[in-house]
Amino acid sequence: MKKIYILSVLALISSCSAFKASIPYEKEIRFVNLAPGETREDHEKLTKDISIATQGRFASQAAYSIFKKGGNIIDAATTASFVLAVERPQSTGLGGGGFALFHDVKRNKDFPLTVDFREKAPIDAHEKMFLDDKGEVISRMSLDGIFSAGVPGMVAGMLELHKKHGKLPLAMVLKDAIDLARNGFKIYPELAHAISKRENIIKRYKATCEIFCNKKGEVLKEGDLLVQKDLAKTIETISKNGRDGFYKGRIARALVGEHRRLKGLMTQKDLDKYEVKYRTPIRGDYKGYEVFSMSPPSSGGVHIVEILNILRKDDLKTYGLQHSKTVHLRASAMQAAFSDRANYLGDTDFTYVPVTGLTSKKYADDIRFSIPENKALNSLWANMNDPFKFDAKEGRELLKRHESNETTHFTIADGKGNIFVSTQTLNGYLGSGVVVPGTGILLNNEMDDFATKPGANNLFGAVGGEKNLVQPEKRPLSSMSPTIVMKDGKPVLGLGSPSGTRILTCVVQTIMNYIDHNLPLYESMAATRVHHQWKPNILYVEESGLPERTIKELKRMEHEIEYKKLGCRVQAISFEDGMLRGVSDIRGRGLVSGE
Ligand code: DON
């Protein structure tokens with residue numbers, strides 16, 4: 001009797017609070033505003049046969065035109081990758097790498113093909129390469145210059161995909177990238193910002209300044225023409241000779257020669273041994289949907305599934321999207337995931353990662369049980385899981401400095417139900433800053449994604465553990481999360497984003513906004529995002545904010561809140577009643593093309 005009484009009181013309390021919570025909060029959702037002069041139609045398109053969402057206007061148009069010429073989505077994806085490399089040198093390029101998931105209806109498998117063309121450490125790289133004699137991290141060595149570059153994978157990855165799954169000749173698919181590099185284009189604000197941020201490093205390398213400086217030796221500005229003649233020639237060589245056009249011959253010699261000149265580590269053997277790897281995607285199920293995302297060496301898929309598992313039994317829709325409880329639970333699940341990231345994640349070809357455990361529902365339930373309902377997981381909790389000494393102040397500064405519009409994601413889907421999602425990067429703005437003379441190739445600074453020593457944090461403030469230390473030929477831990485959501489074996493949504501550690505939290509929030517809160521895709525992406533990465537112990541909220549009451553209650557729960565641009569630029573496509581809805585994040589200058 002007593003038990004029944006208690007249960008009914010609890011039910012009453014929870015239904016009252018649900019009622020109170022859902023009405024004002026649902027009405028009060030805060031969204032990011034469109035930039036002045038822009039309309040919703042600039043970022044969203046409903047089409048039938050093809051949809052292409054990229055961060056580059058030229059890339060979306062070129063990929064669409066290759067489809068119109070009879071190409072399939074892999075032809076379009078190859079075009080998009082190379083045009084993006086020309087159009088967004090701050091983000092991606094032939095000297096970088098990435099990941100892709102491809103749901104190919106003809107392949108008839110119940111999971112997408114999962115491709116890893118991430119950069120790898122050179123054979124001569126080693127655990128202490130970024131440390132001085134005293135064992136201290138040498139400032140910026142993993143970020144600037146020749147040692148920061150890993151062996152590039154982008155050309156190998158996209159060319160292999162094109163060879164196996166493309167339809168049109170490579171020369172046709174790469175033509176628009178060659179023309180754009182040769183004819184040039186006007187520098188747009190995001191690119192101008194990146195160039196100004198990297199002014200010092202651009203001026204340090206003659207071949208870099210030849211591209212990004214004017215005749216007076218000043219860095220280029222918004223509105224100036226960016227011409228990349230050498231890059232045009234390089235892409236032309238690749239279009240003739242395929243993979244060997246990059247990993248062997250003149251271009252390879254130039255790349256290895258520049259390493260030798262600057263006393264770097266990369267040799268021809270590194271290029272010969274570069275392999276594209278096929279992975280098993282991380283798989284989870286969430287409220288009736290199946291989620292497929294990138295496996296290690298990315299941490300993205302593991303933690304997206306972990307966060308979804310932790311929250312899978314919570315009725316977030318009833319609480320309301322921006323109710324303090326929803327935000328608190330999301331933030332706490334993110335916090336737990338990032339603590340695991342630091343402790344357990346690395347390249348599975350080199351170190352054991354407990355993927356099954358981390359993505360199990362049992363483990364998620366234990367975490368959910370340990371999240372207090374009305375109190376932030378405080379730093380005490382975080383420190384209990386922290387095997388490292390950590391300078392919280394340093395982490396905060398690193399994060400504050402960084403807004404990240406580097407890296408790029410694109411999604412392409414067709415009316416037959418095929419979908420391709422890929423995230424590609426040089427890591428930081430203009431990667432290492434080193435252009436290989438005579439080739440136009442800007443090398444990545446992906447080595448910074450390794451832990452330079454246990455407990456050190458990278459450009460994004462992410463704490464690195466033993467499992468992510470540098471080893472010869474190992475791939476650095478990533479957060480990139482190309483993701484496909486399916487139902488009954490058919491794709492429902494494909495998405496991904498740039499922005500370092502924020503990638504996985506932006507992707508998971510978009511999925512939850514779409515599935516739990518039933519928001520249209522555009523609103524799922526436009527709603528204010530939050531981010532928590534365990535270290536530092538701060539709940540980041542986008543500047544568009546959250547309802548006042550939410551903020552008040554989160555503070556009462558002892559969340560330390562900081563407003564911040566999170567840098568995500570989600571590019572997503574949903575399948576809706578036989579149509580394709582493409583949305584390019586309103587926070588960026590992307591474009592959806594298609595018909
Ligand atoms: O692989 C990673 O997680 C990072 N190198 C990605 C870098 C990134 O997203 C930069 N920002 N937009």
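Which backbone N or O atom lies 2.2 Å from a nitrogen atom of the ligand? The atom belongs to Glu406. This is a predicted model.

## Contacts to the ligand

Thr407 uses its side chain instead, with an N or O atom 2.7 Å from an oxygen atom of the ligand. Ser479 also lies 2.7 Å from a ligand oxygen, through a backbone N or O atom. The ligand taken alone exposes 340 Å². The protein buries 99% of that area.

## The site around it

The ligand is surrounded by 17 residues. The closest are Glu406, Thr407, Glu446, Asp449 and Ser478. By type, the shell holds 4 nonpolar, 9 polar and 4 charged residues. As for location, the ligand sits in the largest cavity.

## Disulfides

The structure has 2 disulfides. One links Cys209 and Cys213, with an S to S distance of 2.0 Å. Its torsion about the S-S bond is -95 degrees, and the link is left-handed. Are these two cysteines buried or exposed? Both Cys209 and Cys213 are buried.

The other disulfide joins Cys506 to Cys568, again with S to S at 2.0 Å. Why is the disulfide of Cys506 and Cys568 right-handed? The torsion about its S-S bond is about 85 degrees, so the disulfide is right-handed.

Technical notes: Residues are numbered from 1 along each chain as its sequence is written. This is a predicted model: local features need pLDDT of at least 70, side-chain atom pairs count only at pLDDT 80 or more; totals for chains, interfaces and linings use all residues. Side-chain values use heavy atoms; hydrogens and water are left out. A residue is near a molecule or strand if one of its heavy atoms lies within 4 Å of it. A polar contact is a pair of N or O atoms within 3.5 Å; within protein, one must be able to donate a hydrogen and the other to accept it, and residues adjacent in sequence count only if both atoms are side-chain atoms. Accessible areas come from the Shrake-Rupley method with a 1.4 Å probe; for residues, only the protein chains shown count as cover. On a 1 Å grid over the protein atoms alone, a cavity is a set of points where a 1.4 Å probe fits but cannot get out, and a pocket is an open set with protein on both sides within 12 Å along at least five of seven lines; lining residues have an atom within 4 Å of a point. A molecule sits in a cavity or pocket if more than half of its atoms lie within 2 Å of its grid points. Ala, Val, Leu, Ile, Met, Phe, Trp, Tyr, Cys and Pro count as nonpolar, Asp, Glu, Lys and Arg as charged, and the others, Gly among them, as polar. A disulfide is a pair of cysteine sulfur atoms within 2.5 Å. Buried means under 20% relative accessible area, exposed over 50%, partly exposed in between (1.4 Å probe, protein chains only).
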